[in-house]
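Dear colleague,

Here is the structure that I promised to hand over to you. Please open it first, and then read the notes below alongside it.

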Amino acid sequence: MDPRAKFILTIGIFTTALMFTNVFALITIFLFQIPLILMAKTSRKWLRSMRGGLFLGVFIFIMNFIFGTALVLSIAFTLRFFTIMSAFSFFFMTTSADDLGLALEQIHVPYSISFTFTTAVRLVPTMAVDAQTVVDAQRSRGLELDKGNFMKRVRNYIPILIPLIISAIRRSVELAEALESRAFGATDHRTAIVTLKLHFADYLAIIGTILGLAVAIYVYFRVPLPILVIPIQLPKIF
Amino acid sequence: MISVNNTSFRYIGASSDVLTNVNLQIKDGEFVAIMGENGSGKTTLVKMFNGLLKPRVGSVMIDGTDTREKSVAQLSRDVGLIFQNPDHQLFAETVSEELSFSLRNFGFNEEVVKRRVTNILTALDLEKYVDSSPFVLSGGERKRVALAAILVWDPKHIIMDEPTIGQDYLQKDRLRNFIVQLISQGKTIVIVTHDVEFVAECKPRVVLLSKGTVIADDAATKILTNDELLAQASLVRPQIAELMHQLPISGKTLDIIDAYAAREFLVPKLREAVQTSGHWR
């Protein structure tokens with residue numbers, strides 16, 4: 001599938017998820033993605049990424065709830081987070097960095113920006129490996145990340161973050177020098193050997209997204225949705 | 001003693017083992033070089049020594065204790081692992097703060113911290129950098145700071161992952177002398193390296209890994225002159241060994257791998273040849 005069509009679909013899901021705070025609507029949007037994920041045969045990777053976001057999801061729920069948001073609304077915000085995360089996971093799991101770069105170039109994003117973006121995406125796995133090495137190196141020096149109270153645990157991450165940031169900066173400087181040495185940006189107009197072309201499925205996805213958005217807007221303004229009522233709310237702190 | 005018993009290891013998500021049925025015993029005070037091609041499992045093996053990785057099958061014992069029974073912090077007190085890239089561990093504002101970090105983690109009091117930091121800075125010729133940021137130092141200096149950051153708590157077993165990368169000849173020579181000094185203090189030294197020239201100069205026991213298995217375990221002189229083994233591990237003979245191989249004396253080739261032994265052997269022979277013939281041919 002064309003990355004541009006997938007991106008439009010992702011943005012469609014993202015916008016729809018932002019429109020609603022109704023639990024049933026958000027569950028519907030979330031479930032709508034399941035057949036797409038199954039069709040793309042990325043269910044295992046998708047599950048792994050959802051599991052990765054579980055901590056943040058629980059954090060969002062707890063923070064909302066303890067700071068006085070109603071229980072149902074806290075659930076809705078958490079569902080919204082998972083829906084948006086799922087949509088972007090689906091997009092990045094099914095789109096290679098090359099396709100992404102190509103798509104950005106073909107919608108006339110300046111090459112330097114599209115290159116920066118795709119390089120950042122490409123460097124994520126490298127950064128993950130670096131992060132693990134830094135953690136190993138500091139644990140070998142007696143650092144225990146999960147020791148102490150909350151503030152101590154936060155401080156424990158300083159010896160991890162600083163080497164990671166420094167090595168990322170060093171790498172980016174080296175990369176910039178290597179690119180300049182290879183005449184990066186020497187010509188204003190680049191040509192691409194591969195050009196993207198929208199196919200039937202892509203048009204279908206784009207039209208489907210536009211229709212879906214139209215339905216969502218109609219439902220938002222005109223259709224009264226069933227409301228989940230659980231009258232539990234902690235007193236507001238602020 | 002470091003004891004690796006029938007150990008196999010596989011990374012999460014991998015379809016095959018990185019290490020397969022590895023057996024290795026390293027006695028206290030021994031000097032061992034672990035060599036092998038890229039991806040042969042050298043770094044994975046040494047990461048098991050301080051418990052960063054736990055074996056899937058078999059066991060790794062440090063001084064009689066199974067690494068599964070202790071945390072990395074507890075094991076690191078006895079096993080100092082120096083990583084290949086110093087940039088993966090340096091983070092403090094000054095070199096002295098960098099060196100104090102591990103001592104404080106291990107619970108040393110401030111007086112001991114200060115004394116040990118001063119001692120190690122002197123030993124590694126880093127005193128002038130005591131208040132410098134580690135990030136402004138050269139690559140070789142940062143590598144020395146990373147080495148000092150481990151040696152400062154005086155671990156019994158010292159593991160160095162690629163210690164000679166990015167070091168000039170003088171620094172390598174200093175490192176070799178420092179290793180000799182540490183061995184004389186009874187430390188166990190394990191280095192992971194591709195640097196055949198450095199190994200030839202140090203002449204440790206060599207453990208050769210290929211595709212996750214130990215294919216040879218013998219003296220450096222035996223292994224670095226065995227072309228078949230070296231080819232399996234994508235290594236080549238050291239230059240001196242190659243020269244001696246190409247120079248049969250009395251119809252025999254000699255297993256000399258280091259410059260010192262070669263000089264001892266060749267100089268008298270050359271002098272004799274020159275005196276006999278009267279000139280260089």
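**Where chain B meets chain A**

Across the interface of chain B and chain A the rule finds three salt bridges, a salt bridge being a side-chain nitrogen of Lys or Arg within 4 Å of a carboxyl oxygen of Asp or Glu. In one salt bridge the side chains of R170(A) and D87(B) come together, at 3.3 Å from N to O.

Please keep in mind that this is a predicted model, in which local features need pLDDT of at least 70 and side-chain atom pairs count only at pLDDT 80 or more, while totals for chains, interfaces and linings use all residues. Residues are numbered from 1 along each chain as its sequence is written, chains are lettered from A and ligands numbered from 1 in the order in which they are written, and side-chain values use heavy atoms, with hydrogens and water left out.

On the chain B side 24 residues are in contact with 17 residues of chain A, where contact means heavy atoms within 4.5 Å. The area buried between the two chains is about 1,900 Å², and carbon and sulfur atoms give 60% of it; buried area is the accessible area (1.4 Å probe) that two parts lose on being put together, summed over both. H88(B), F91(B) and F101(B) supply 31% of the area that chain B buries against chain A, which is more than any other three residues.

**Two helix pairs in chain A**

Helices here are DSSP runs (H or I, at least four residues), numbered from the N terminus. The axes of α1 (residues 3-19) and α9 (residues 200-222) of chain A come within 9 Å and cross at roughly 10 degrees; axes are lines fitted to C-alpha atoms, for helices over the stretch in contact, and angles run from 0 to 180 degrees between N-to-C directions. That makes α1(A) roughly parallel to α9(A), because angles under 35 degrees count as roughly parallel and those over 145 as roughly antiparallel. Among the residues that make this contact are I8(A) and L9(A) of α1(A) and I206(A) and L213(A) of α9(A).

α1(A) also packs with α4 (residues 71-94) of chain A, at an angle of about 175 degrees and with the axes 9 Å apart, and that makes α1(A) roughly antiparallel to α4(A). Residues of α1(A) including F7(A) and F14(A) meet residues of α4(A) including F88(A) and F91(A).

How values were computed:
Parallel < 35°, antiparallel > 145°, perpendicular 65-115°, else oblique.
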